[in-house]
Amino acid sequence: MAVAELSTPSYTKTHLFQLSQLSSLPTHLHSHRRVAFRPLPHTRNARICCSVAPNSNFLVPDVSQVQAPAAPAQTEDPKNKPECFGVFCLTYDLQAEEETKSWKKLINIAVSGAAGMISNHLLFKLASGEVFGPDQPIALKLLGSERSFQALEGVAMELEDSLFPLLREVSIGIDPYEVFQDVEWALLIGAKPRGPGMERADLLDLNGQIFVEQGKALNAVASHNVKVIVVGNPCNTNALICLKNAPNIPAKNFHALTRLDENRAKCQLALKAGVFYDKVSNVTIWGNHSTTQVPDFLNARINGLPVKEVIKDHKWLEEEFTELIQKRGGLLIKKWGRSSAASTAMSIADAIKSLVTPTPEGDWFSSAVYTNGNPYGIAEDLVFSMPCRSKGDGDYELVKDIQFDDYLRKRIKKSEAELLAEKRCVAHLTGQGIAVCDLPEDTMLPGEM
């Protein structure tokens with residue numbers, strides 16, 4: 001999986017790009033579309049917002065948050081005047097278009113590591129309506145670092161130039177306490193890559209500190225029912241660190257991404273069975289996003305039949321299947337010369353859609369979630385990938401009707417032991433005492449070094 005640009009807690013610069021419902025403009029105004037860019041004051045709470053007036057349904061500046069004269073004085077120094085271009089200087093009636101009348105309430109989505117390659121693919125899927133639906137307007141809040149700030153500006157410009165009707169606002173910044181304000185979804189992609197000679201324990205500590213800060217920021221300013229998907233690695237333990245530093249947010253709302261592993265498992269099973277991958281269902285990834293992960297072929301199905309009835313080569317299932325999935329990222333780097341940014345972005349989109357769309361009857365999906373109260377006997381107080389179902393309301397429940405055999409239980413226990421060791425290694429970041437690192441082996445997936 002690709003590693004995105006790190007977001008560091010340095011708070012000196014924030015900008016806001018305002019994106020409006022461009023498709024609702026009258027035809028004669030379309031020639032005036034240009035880029036709007038406005039610097040914000042360097043204070044934590046100062047923002048410039050575009051908002052829809054509750055009664056008029058007109059796009060108006062939110063003057064409660066910033067003073068902006070309707071008409072600049074003639075004597076104003078042009079160097080000090082906020083730059084205002086085309087459609088962003090106009091007020092227009094959103095009720096003029098039938099499409100916008102039926103839209104849902106706008107949702108705020110934060111993305112960290114927003115200047116990285118994964119985000120470069122993901123943001124356009126979010127803005128297009130592919131993920132949250134064709135009637136769901138969104139505001140994107142993009143978190144980067146001092147080093148990536150110019151790249152963030154470029155990302156915002158590309159989003160503007162794409163004229164996505166559902167994309168209403170784009171804000172960019174380097175302070176999570178500003179960027180995470182009122183967000184209902186937080187996609188935490190940014191993390192430090194593992195450098196040459198760096199031990200896994202060092203990476204846990206380095207990236208863990210990022211997720212301490214982001215957890216605290218979410219706890220302070222995000223919606224209290226925010227849904228959080230952690231992608232930055234080691235994602236299971238980073239998600240645990242994040243949730244431990246956000247006690248006001250339900251622990252159940254935190255996920256670590258194992259959907260790419262599930263997608264890869266479906267692909268390999270389909271290839272072996274000689275079917276298209278839409279015939280493969282009920283695939284679970286158990287445990288950690290590492291080489292101890294357990295792709296479950298015992299409960300998986302192909303054309304509605306148990307995998308072991310379709311694929312008779314059980315030696316392949318037990319010995320080669322898991323290794324193919326684990327090494328897929330490394331093989332892709334050899335072939336492509338870069339890590340799996342596009343497929344990772346697709347898997348994030350899939351993970352979100354699985355939470356906002358009802359799970360098909362009898363099927364489930366994989367997500368690494370908090371283990372407290374799980375029905376499988378897995379140790380509590382971990383973030384562990386397990387089979388989930390959703391009613392499409394953003395929540396989920398764990399699947400209870402799961403079969404286990406000795407082979408599956410043994411492998412699940414190994415992944416559990418690794419996550420318990422990682423948890424001990426970051427105890428100083430979760431408020432659980434002094435860290436003791438006794439990691440048994442290096443289990444980073446190829447391509448995530």
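# Questions on contacts, burial and strand pairing

Trainee: Which residues does T258 touch, not counting residues up to four places away in sequence?
Mentor: Contact here means heavy atoms within 4.5 Å of each other. With residues up to four places away in sequence left out, the residues that T258 touches are I285, H289, S366, S367, A368 and S385.

Trainee: From which number are the residues counted along each chain?
Mentor: This is a predicted model, in which local features need pLDDT of at least 70 and side-chain atom pairs count only at pLDDT 80 or more, while totals for chains, interfaces and linings use all residues. Side-chain values use heavy atoms, with hydrogens and water left out, and residues follow each chain as its sequence is written, numbered from 1.

Trainee: Is T258 buried or exposed?
Mentor: T258 lies in the loop between β10 (254–256) and α7, where helices (H or I, at least four residues) and strands (E, at least two) are DSSP runs numbered from the N terminus. Buried means under 20% relative accessible area, exposed over 50% and partly exposed in between, with a 1.4 Å probe and protein chains only. The relative accessibility of T258 is 1%, so T258 counts as buried.

Trainee: How many disulfides does the structure hold, and which residues form a disulfide?
Mentor: A disulfide is called where a pair of cysteine sulfur atoms lies within 2.5 Å. The structure holds one, and its sulfur atoms are 1.8 Å apart, in C425 and C437.

Trainee: Why is the disulfide of C425 and C437 given a handedness, and which one?
Mentor: The pair links distant parts of the chain, 12 residues apart, with C425 in helix α12 (residues 406–425) and C437 in the segment after α13 (427–430). The torsion about the S-S bond of C425 and C437 is about 80°, so the disulfide is right-handed.

Trainee: What is the relative accessible area of C437?
Mentor: C425 is buried, with a relative accessible area of 3%. C437, by contrast, is partly exposed, and its relative accessible area is 43%.

Trainee: Which residues of β6 are buried on each of its faces?
Mentor: Strand β6 (residues 138–143) is mostly covered, with six of its six residues buried. Both faces are covered, with I138, L140 and L142 buried on one side, and on the other A139, K141 and L143.

Trainee: In β6, what is the bridge partner of I107?
Mentor: Two strands pair if DSSP finds at least two bridges between them. Strand β5 (residues 107–112) and β6 pair in the parallel sense over six bridges. Within that pairing, the partner of I107 is I138.

Trainee: In β7, what is the bridge partner of L142?
Mentor: Strand β7 (residues 167–173) runs parallel to β6 and is joined to β6 by six bridges, and seven of the seven residues of β7 are buried. L140 stands opposite V170 in β7, and the bridge partner of L142 is I172.

Trainee: How far apart in space are E160 and V170, C-alpha to C-alpha?
Mentor: E160 sits in helix α3 (residues 149–161), and at 7% relative accessibility E160 counts as buried. E160 and V170 are 10 residues apart in sequence, and their C-alpha to C-alpha separation in space is 8.6 Å.

Trainee: At which residue does α9 bend?
Mentor: Helix α9 (residues 314–326) has 13 residues and reaches 18 Å from its first C-alpha to its last, close to the expected 18 Å, the expected span being 1.5 Å times one less than the number of residues. A bend at a residue is the angle between axes fitted to the seven residues ending there and the seven starting there. For α9 this angle is about 40°, at E320.

Trainee: What covers the buried residues of α9?
Mentor: In α9, the residues W316, L317, F321, T322, I325 and Q326 are buried. What covers the buried residues of α9 includes α7 (259–273), β13 (294–296), α8 (307–310), α10 (328–336) and α12.
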